[in-house]
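This briefing walks through a protein structure topic by topic, for a reader who is meeting such a model for the first time. Please keep the sequence and the structure in view while reading, and look up each residue as it is named.

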Amino acid sequence: MRKIFRNIHLWLSVPFGILITLICFSGAALVFEKEVMELCHRELYFVKKVEAAPLPMEQLMTKVAATLPDSVSVTGVNISSDPERAYQITLSKPRRASMYVDQYTGEITGKYERAPFFNFMFRMHRWLLDSMKQDGGIFWGKMIVGTSTLMFVFVLISGVVVWWPRTRKALKNSLKIVANKGWRRFWYDLHVAGGMYALVFLLAMALTGLTWSFQWYRTGFYKTFGVEVQPSMGHGNAAANATAKGGKREGSSEGRGGRPEGRKHSPYANWQQVYEQLAEANPDYKLISVSDGSASVALPRFGNQRGTDRYKFNPRNGEITETTLYKDLDNSGKIRGWIYSVHVGSWGGMLTRILTFIAALIGASLPLTGYYLWIRKKIKRRPVG
């Protein structure tokens, strides 16, 4: 039986190893993207000086809106509990566009743009630099990443079977990484012990990552948690359909994208009032987001980092008309955020993010150390003369 799993481990690793390395390494590079960007561009994300009180939100939104083309509008604002962080103003287009403004001076600090390096790593991680075909053709990059990730799951499981020690002493020895007995022993220990230490995180990343690659897997994964998904729907729409059962879909808002026809008052008139109400009711908030008719509050908690309490309000007077607390949602309202949080390792705060980063780097090294050991073994077996 062990021989069968050894062959499975080898013959899946050889063709998919390089792809697994690229996927794991690019994933590791994305773990601390936010921190790297804030370190390199502090002037964009942080204010120069904290004053006694921010300017009125309507004044800030109007100032930003005046700088935008007619086809682009302000759709919302994200306010951190950290008074040193600039307000993030979300825009109607392009997708996920936003600007930052110093809430104390009204100065626009800049527009968010993903750094070329991280954009390259993201496209590598998700699609091997491929792009979706406009004519509906096969999205080869996405398919290859999904297939490689699925094979990685089998490689990891077969590796555990091959590794499984027969005695306690063997278990203890197999979890050591020795650095003073030659390179071959070091690479062997790194491959075996390193793989075991990172196993749980690598499996978690692979199993959640597959939900972005295959509809059949996504449907089965969601169903495991009691969430029904229509087979014909894509990942984003599937999540929308799923969360419809448990509450308002994350990230949605009514009336976003511009001023409705016939409205004569400012669309931002009561945003300040709504923010102050929510901040007072949630003094330990992490982030409050307000848009036209809806708002959300993110709290500093472990678990689903995309989980928020959602609110609807009357845009004309700021009265909160509906409240949907995250704790009251069923699985269908939580699963997508949980998948993302587990995949990127944010569910347990900074500690699990660091462990996820290390595990991804180990995952990237496993095929390389495996190739080294396999080639060394092949050369050693080659007859002389």
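In this predicted model, helix α5, which covers residues 116–127, packs against helix α6, which covers residues 140–163, at an angle of about 70° and with their axes 7 Å apart. Because angles of 65 to 115 degrees count as roughly perpendicular, α5 is described as roughly perpendicular to α6. The points below begin with this contact and then turn to other parts of the chain.

- On the α5 side the contact is made by M124, H125, R126 and W127, while on the α6 side G141, K142 and V145 take part.
- Sorted by class, the residues of this contact are three nonpolar, two polar and two charged.
- The loop between α5 and α6 holds L128, and L129 has its place in that loop as well.
- Most residues other than glycine have a negative phi.
- Against that background, L128 has a positive phi of about 50° although it is not a glycine, and L129, likewise not a glycine, has a positive phi of about 70°.
- L128 is partly exposed, because its relative accessible area is 21%, and L129, with a relative accessible area of 30%, is partly exposed too.

**Aromatic pairs**

- The count of aromatic pairs in the model comes to 17.
- One of these pairs is formed by Y45 and Y100, whose ring centres are 5.0 Å apart and whose planes stand at 70°, so the pair is edge-to-face.
- This pair links distant parts of the chain, since Y45 lies in helix α3 (residues 42–45) and Y100 lies in strand β3 (residues 98–101), 55 residues apart.
- Both Y45 and Y100 are buried.
- F214 and W216 form an aromatic pair that is stacked, with 5.6 Å from centre to centre and 25° between the planes.
- Are F214 and W216 buried or exposed? F214 counts as buried because its relative accessibility is 14%, whereas W216, at 54% relative accessibility, counts as exposed.
- Ring pairs also link F214, W216, Y217, F221 and F225 into a cluster.

**Charges over rings**

- The charged end of R42 sits over the ring of F46, at 4.2 Å from the centre of that ring.
- In the case of R306, the charged end sits over the ring of Y340, 3.6 Å from the ring centre.

**A cis peptide bond**

- Most peptide bonds are trans.
- The peptide bond that runs from K93 to P94, however, is cis, with omega near 0°.
- P94 has its place in the loop between β2, which spans 87–91, and β3.

- Which residues are buried in helix α12, residues 335–344? They are I335, G337, I339, S341 and H343.
- Just after α12 comes G345, which takes a positive phi of about 80°.
- I335 can also be compared with G226, for the C-alpha atoms of these two residues are separated by 9.8 Å, although they are 109 residues apart along the chain.
- G226 is found in the loop between α9 and α10, where α10 spans 235–243, and G226 counts as exposed because its relative accessibility is 60%.

**The loop between α8 and α9**

- T211 is found in the loop that lies between α8 (183–209) and α9 (215–224).
- Is T211 buried or exposed? With 0% relative accessibility, T211 counts as buried.
- From T211 to F221 there are 7.4 Å in space, C-alpha to C-alpha, and these two residues are ten apart in sequence.

**The protein as a whole**

- The protein contains 13 helices and eight strands.
- Of the 385 residues in the protein, buried residues make up 45%.

Key. Residues numbered from 1 in each chain as written. Predicted model: local features only at pLDDT ≥ 70, side-chain atom pairs only at ≥ 80, totals over all residues. Heavy atoms only, no water. Axes fitted to C-alpha atoms, helices over the stretch in contact; angles between N-to-C directions. Helix = DSSP H or I, 4+ residues; strand = E, 2+ residues; numbered from the N terminus. Parallel < 35°, antiparallel > 145°, perpendicular 65-115°, else oblique. Contact = heavy atoms within 4.5 Å. Nonpolar A, V, L, I, M, F, W, Y, C, P; charged D, E, K, R; others polar. Phe/Tyr/Trp six-rings, centres within 6.5 Å; stacked < 30°, edge-to-face > 60°. Buried < 20%, exposed > 50% of the residue type's maximum accessible area, 1.4 Å probe, protein only. Lys NZ or Arg CZ within 6 Å of the ring centre and 35° of its normal.
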